[in-house]
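Subject: Handover of a structure and a summary of findings

Dear colleague,

Please find below the structure that I am handing over to you. My findings follow directly after it.

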Amino acid sequence: MKKIKQLTGIILIVIALLVGCSSGEKTANKDGKIEIEFWYGLGGKLGENVEKTIAEFNEAQDKIKVIGVAQGDYDETLQKLQAGIAAKKVPAVVLLENDPMNNLAKKGALASMSDYIEKDKEFKPEEFVSAFYNQGTIDGEQYSIPFYGTTQVMYFRKDIFEELGLLPDALKTWEGVAEASQTIKEKKGIYGWEPMWGSGNLIDAALSRGAKYISEDGKEVLIDSPEWVEAWEFFRKAIHEEKTMAIQHGGQGWEYWYKTIDDVMQGRAAGYTGSSGDQGDLDFEIIAAHPQPGWESHDAAPHAAAHMVAIPAIASEEAQAAGFEWISFFTSAEKAAEWSMNSGYIAARTTAQDVPAFKQFAEKNPQILVPLQQAQTATPPFVDPTGGKIYDALSKAADKVEIQGIPASQALKEAKEEAQRALDEVNK
């Protein structure tokens, strides 16, 4: 999970909805094809795979031309979409994370795809992973389709673990990771582990300790409970006091992410926690994958969520129809299998696992099954009732803990106060 920044978007969306419901765009190009844009915030090999799939779609038919528009990351995609809605200039299809997608749909900024799905006899919702597909179902309407599932897993250097006599079982609990990291620091002089910058890894660790976001009645924010504090303080101490872990942070777009990967690939750290989608950038001759750990007192329960493709409500009817055709191609079993094999992300269609090429790939590349294994017991995504302000408070707290070294109890207390004000406002 990356940081979610939505505070400026609410006003922009409201303005757009008041202005009108049509984008007013011209979609036909000089060749008579319907020309649409697809916005996505993926870089590296992931971005290359998107462009490859776009090229295949454009070559497979002569009615629609998709133009891929890469953004810096998911947050930038969201911000530009919000600005585009206000300016009435939007793409036909956009790739979004679950929480902002949910908020946009509830504000009427996304188009329902239910009619398109009902009319397309070849589009079979039952073939999707239900937990992923249901993320896009809001008030009985389907506002998004899962492109791929993702969860954060562990990647470690096989050679370093073997050299020091460390077994993969050391990664079954965070206490075990701490012990292994200490051994690696002492014997190799490198960092034992690198969590990925941001609140995502810290949230997963807290959930795996039994943490909850809000109370059952939806009235109290619980992000300063002992489960949260103990999990986050564990990482603060490892980074700032024991110095067995480190954080790469800052930079443009995904820069921090690839710096973290480079630290492990180049031997400056023995392992890191990253996305299932990192597999396309890793060399599994020297790297192995492992599910996220739990704690000695609690089983692992990290998040697993789908990244969703959606259609803005103010796109023209012609663009929406063309966008759905692109989505259908993009999320087919064959393309889902290809994407999973090339990226490591979880195929959103269960039938992707029946594709012969995927079966053969999984036999030779068992790491592709680790995210699937983890997803079976993962925690569903949390839909922030404040429109992202609880997540935003956690992101600020994560920077205080990971970068500044501020005690988790203090950072989370401040986050709780900020988030509680936002929740109280919602519950008025």
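Contact, as used in this message, means that heavy atoms lie within 4.5 Å. Please also note that this is a predicted model.

**Lys335 and its surroundings**

Apart from residues up to four places away in sequence, Lys335 touches Thr53, Glu56, Phe329 and Phe330. Lys335 belongs to helix H13 and has a relative accessible area of 13%. Because the limit for a buried residue is under 20%, Lys335 counts as buried.

Which residue forms a salt bridge with Lys335 at 2.5 Å between the closest N and O atoms? The partner is Glu56. This pair links distant parts of the chain, with Lys335 in helix H13 (residues 333-343) and Glu56 in helix H2, 279 residues apart. The side chains of Lys335 and Glu56 are also joined by a polar contact of 2.5 Å.

Glu338 is partly exposed, with a relative accessibility of 26%. Through salt bridges that share partners, Lys52, Glu56, Lys335 and Glu338 are joined into one network.

**Salt bridges elsewhere**

**Parallel strands and their crossover**

Strand E1 (residues 34-40) and strand E2 (residues 64-70) run parallel and are joined by seven bridges. Tyr40 has Ala70 as its bridge partner in E2. Between the two strands the chain passes through helix H2 (residues 44-60), and this β-α-β crossover is right-handed. Helix H2 is also the helix that holds Glu56, the partner of Lys335 described above.

**Nonpolar cores**

The largest nonpolar core has 124 residues, and those with the most contacts inside it are Phe38, Trp228 and Trp232. H10 supplies the largest share of this core, eight residues. Leaving aside residues up to four places away in sequence, Trp232 touches Leu202, Ile203, Ala206, Leu394, Ala397, Ala398, Val401, Ala408 and Leu412. There is a second, separate core of ten residues, which includes Ala337, Ala352, Phe358 and Ile368.

**Gln248**

Gln248 is located in the loop between H10 and helix H11 (255-265), and is partly exposed with a relative accessible area of 22%. Not counting residues up to four places away in sequence, Gln248 touches Glu194, Trp197, Tyr256, Lys259, Thr260 and Asp263. With Asp263 there is a side-chain polar contact of 3.0 Å. Gln248 and Lys187 are 61 residues apart along the chain, and their C-alpha atoms are separated by 22 Å.

**Positive phi values**

Two backbone angles may be of interest to you. Lys88 is not a glycine, although its phi is positive, at about 60°. Lys88 sits in the loop between helix H3 (74-87) and strand E3 (93-96) and is partly exposed, at 30% relative accessibility. Asp139, a residue other than glycine, has a positive phi near 55°. Asp139 lies in the loop between strand E4 (137-138) and strand E5 (141-142). At 76% relative accessibility, Asp139 is exposed.

Yours sincerely

Terms used
Residues are numbered from 1 along each chain as its sequence is written. This is a predicted model: local features need pLDDT of at least 70, side-chain atom pairs count only at pLDDT 80 or more; totals for chains, interfaces and linings use all residues. Side-chain values use heavy atoms; hydrogens and water are left out. Two strands pair if DSSP finds at least two bridges between them. Helices (H or I, at least four residues) and strands (E, at least two) are DSSP runs, numbered from the N terminus. A crossover is right-handed if, with the strands pointing away from the viewer, the path from the first strand over the helix to the second runs clockwise. A salt bridge is a side-chain nitrogen of Lys or Arg within 4 Å of a carboxyl oxygen of Asp or Glu. Buried means under 20% relative accessible area, exposed over 50%, partly exposed in between (1.4 Å probe, protein chains only). A polar contact is a pair of N or O atoms within 3.5 Å; within protein, one must be able to donate a hydrogen and the other to accept it, and residues adjacent in sequence count only if both atoms are side-chain atoms. A nonpolar core is a set of buried Ala, Val, Leu, Ile, Met, Phe, Trp, Tyr and Cys residues joined through side-chain atoms within 4.5 Å.
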